[in-house]
Amino acid sequence: MALIRIRGVSKAYGGVQALHPLDLDLFAGEVHAVCGENGAGKSTLNRFLSGTISPDSGTVLVDGLPMPLGSVRRAEAAGIAIVHQESAAFLELSASENHEIMREPGHPLWLDRAEMDQHTATSLAELAEGFDPAVPLEERSLAQRQMVAIARAISGGCRLLILDEPTASLSTREIESLFAAIRKLRAQGVGILYVSHRLDEVFALADRVTVLRDGRLVGTQSIAETTPDGLIQQMVGRTIEASSRSGRSFGEVRLQVEGLSGGAFRDVSFSVRAGEVVALAGLVGAGRSEVARAIFGIDPRTSGRILADGAEVASDPQAAMQAGIAFAPEDRQHEGLHLPLSVRDNLMMAAAPGLGTLVGRGREVDESARLVGSLAIKTASDLAPVSSLSGGNQQKVLLGKWLAHDPRILILDEPTRGVDVGSKDQVHRLIQDLADRGLAVLVISSELNEVLTVADRVLVMRQGQLAGELSREEASQEKILALALPSEQEVEAPVVVKRPIRRELAVGALLLLTVIAATVTNPGFASADNLRDMLVRIAPAVIVGSAMTLVIQAREIDISVGSLMGLCAAVLGIAASTDRMGLPVPVAIAACLGVGVVGGVLNGVLTAYAKIPSIIVTLGTLSLYRGVTEIAMGGKWIENMPPGLRSLGTGNGLGLPWVVWVAVLFAAGGLWVTRRTRLGLRILALGSNPSAAALAGVQATRTKLLIFGLAGFAAAVAALFSATQLQVVESGFGSGFELVAIASVIVGGTSIRGGRGTMVGTVLGAALLGIVSTVLIFLRLGESATHWERAIQGGFILAAVLGDSLSRRARRSA
Amino acid sequence: MKFLRSREALLLVLLALLLTAAGILEPRFVSLRSQTLLASHLWELAIVAVPLLLVILAGGIDLSVGSMLALSAVALGLLFERGVPPGLAAVAAVAAGAACGFANGWFVAKLKVHPLLVTLATMAAFRGIAEGVSLARPISGYPDSFLALSQGSALGIPNPMAILLALAGVAWFVLARMRMGRWIVAIGTEERAALFSAIPVARMKLALYTATGLVCGLASVLLVARNNTAKADMGMGLELEAITAIVLGGASIEGGKGTVAGTLLGLLLIHETREFVSWHWKQNELNLIVLGSLLILTLLAERALSRKTA
């Protein structure tokens, strides 16, 4: 009986039918290859099997029982694991954290890190050698990240393993270890769905092969019954004709690249002549797109020159455009086009300045209409949004955008990705027409068929360098692959990242220096009383800062904590003060904490469920909470707290004020959450890469609700102690405190982009901020020091941001 | 027909409803005399909202507008106090605003720091500097010729209104007719695609933040001239009101979508709501609640509507 039966599954995106109703059986203990060109429906098939999308119709039966679709966790529970084509890695997290997330060993409240490392090391050992599980993935190569993803999928004890182009960035040796692992799994009875368009791999590995074309099933057959040529014919739907582009003559050199080096490539030199189409082939990650981006001035180059028609071109997109270079990038959605904008806006986005600075008039309208006509772009009107067009027509708009500028050099990165077969031919013909008109064309493509169809000359890149050049006559799939695949001897050079000085050390040193300097200039600074005062001063920042660290690690922010503190203090005062309601102390405290949690959860609900950016949500609630506070207090201060409450703020335990112990508790709790709980790991994953977190099944809404609730609770606790210590609640209580908390977190090294940061850093940040304020008072700025306090807090954040940026730059150039 | 379903039409309906209700509850509120008097509360906010709309359209945000206004106002006051002619001091205030905006833009465009973080920090820093250098005391006593900047009028149009209309006109022209407007929308829609279209993204951002600062400086001059005083707590909460008006006017907080007409109507709605709340309940604090809720409810409604059409 089949392990998995797919029955009548289909999916449409907008007007495009990505997958027509499809039936397919997958068996245990077989490698089932799925082949097809880009846009054939392979990825769509993977996505619903792995639960990331739900199909429009159809069912999937596992062992004859229907599987609920559209849930990653359900798919995993049914034993389906997937390795996605684009590496869905959390770069800030370590290999073992990436490997173990969502299936962490140990108790939910106690992460067994030793066992995590152990698991990871064992599971990786089958695929790669010498892998330290504790190193963050950002310090690993693309191939090594891919190995971690594969190891994760395999180690889960899956019954069906889906591998989507798993070898796209691997070296020969890594491919061999992967194949060995796949064969072993097959022997153990695991079903494997292997998606690839590298036919050599399919024939080396697969038992059966299914071909998809334009979202339809062409056929499934045993590998013994088919040949590579037969498969290609099925994939393309016809035999590939040799193009008539042989024996052509080219003009003068248009684009000359000399010794170009940059982040992912080094010492690349080549030239393209007028009327010539040069293809840049190689594996994903070989540095082809990076070379194109450097030529166009998007990525910086470290050395080398670029000449357009003999004149040197600066590293800047505007300069490149003025030099007649046009660049159509691979990622149409995010880099090539502005999908929500109209066809005309897109076509005119990079138009030559000759068309004037005014838009929507005369020549521009004519030019747009002309391009739509000459490129045969199928659209209702040139005012329709580009998102309503099919992939092929979008690609034509992207080409048209650059043709409007009348370029002399055209660089196309994967020009037919996501384009149906019919339009592919049109794009290929267009490329050749443009070359015939005298343009120099550089085409980057992963599809060897495409390379062989359009190119007059093929350059092959391998691991960031030009590996060789093939003329049209010499070029064949085998020769290109032979040059593109790294040989066994070429040990992958490890990514060398100069680690920055740990932020905790830098802040700690600064803190120590400040204390020493202050003590030397004024011995009174180090007195027990003053130290105690400073601790009391710092404590609320630590309490709120520890919760804020979690919020910012998850790539969110809460600027309403100061207002919420005011509201909590007002509720406490109104409930407890003998002037007001005079309720018992425990009731008042419970009301205070309750209001904090409710306020925080409200922020969380609006952020997580309504998906409004947290900065806007909390900007709104900042005002809301402040307004409620002011009205509740009725313009009068709250005094006369009952003695029971007062002792909370002024009392001591073990020689230190209670608030200091509570701050220690919060810091320790925060440390425990970030380092030792599943929650902490998932918060970092959410901040590091939200879409990868969703693919892994991290529940974003619940997690965010929880951390915003925690932030509200922390605000309430801080308010409780500050109010009882001051013994009075003034109007404006807590205002501006959000800045203190955020500054502590940012100064402590937590990244505003999420995914990174430590609790120790936050505590040190809070201490530094508090001590500098105290020092200012000691410097006899006296009264005016309070006026400068806000400027200092803002300045601290800017200084931290500046420091980050400078150290990043230093690391990059190292 | 298309207009009837637009955000502008919705705002006009809401405005009509609000004014009708206000007219029933407080007949004197809707009289021309009251409205003319109250209108003066709108100008500075509206003037600042215009360049802020462009920043938001380009996918950015500026939380520091109120603080830039305060710092510019304090600069004007301190210079005037030291004997600088008020006209020159006003020019210096505008320059100070532009310098603040340039600093924001530099962090955002050159260092590529998230604008939220940058302007949250400068919101505190600029306000703090204003408080520090002025020790938070008011600086008053300007000559009538200076006060006329804000309180005078030409051809029956108050000067600040003329400035607002001119700024709104420029913004409209840039967005509707100039290539630069298309660039702004393109940056806000998809910044990477704008970069790959050889749009000078960094320069545009620097220019937009600088322009916002400059206009805040201009608004500070008008505000000082209207109140005859400069103080470091001026423009407190301005960022919230301006952002609320812009979002209310149909602009997307993620950038790429929004109109000048929508923003102006959003401003008008906020202005009338705010003034009516103060008039009827005599409690300014209530406005904090109303504004905060308005911002969140607008976004909730927008999310609900877009989900329905999607």
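B:Leu149 is partly exposed, with 19 other C-beta atoms within 10 Å; the cut-offs are 20 or more for buried, 12 or fewer for exposed and in between for partly exposed, with C-beta atoms placed from the backbone. This is a predicted model, in which local features need pLDDT of at least 70 and side-chain atom pairs count only at pLDDT 80 or more, while totals for chains, interfaces and linings use all residues. Residues are numbered from 1 along each chain as its sequence is written, and chains are lettered from A and ligands numbered from 1 in the order in which they are written.

**Surroundings of B:Leu149**
- B:Leu149 sits in helix 7 (residues 144-151) of chain B.
- Beyond its neighbours within four places in sequence, B:Leu149 is in contact with B:Asn159, B:Val221, B:Leu222 and B:Ala225 (contact: C-beta atoms, placed from the backbone, within 7 Å).
- A separation of 17 Å lies between the C-alpha atoms of B:Leu149 and B:Leu37, which are 112 residues apart along the chain.

**Chain B overall**
- Chain B has 14 helices and four strands (DSSP runs numbered from the N terminus: H or I of at least four residues for helices, E of at least two for strands).
- The radius of gyration of chain B is 19 Å, close to the 19 Å from the globule rule for 310 residues, so chain B is as compact as a globular protein of that length (the radius is taken over C-alpha atoms, and the rule is 2.2 Å times the number of residues to the power 0.38).
- The C-alpha trace of chain B spans about 60 × 55 × 35 Å along its principal axes.
- Of the 310 residues in chain B, 56% are buried.
- Among contacts in chain B between residues at least 6 apart in sequence, 77% join residues at least 24 apart.

**Helix 12 and helix 13 of chain B**
- Helix 12 of chain B packs on helix 13 (residues 260-281) of chain B at an angle of about 125°, with the axes 7 Å apart.
- Residues making this contact include B:Glu241 and B:Leu248 of helix 12 of chain B, and B:Thr263 and B:Ile270 of helix 13 of chain B.
- By class, the contact has six nonpolar, three polar and one charged residues (nonpolar: Ala, Val, Leu, Ile, Met, Phe, Trp, Tyr, Cys and Pro; charged: Asp, Glu, Lys and Arg; polar: the others, Gly among them).

**Interface with chain A**
- In chain B, 50 residues are in contact with 57 residues of chain A.
- The side of chain B that touches chain A divides into 31 nonpolar, 10 polar and nine charged residues.

How values were computed. Contact = placed C-beta atoms within 7 Å. Axes fitted to C-alpha atoms, helices over the stretch in contact; angles between N-to-C directions.
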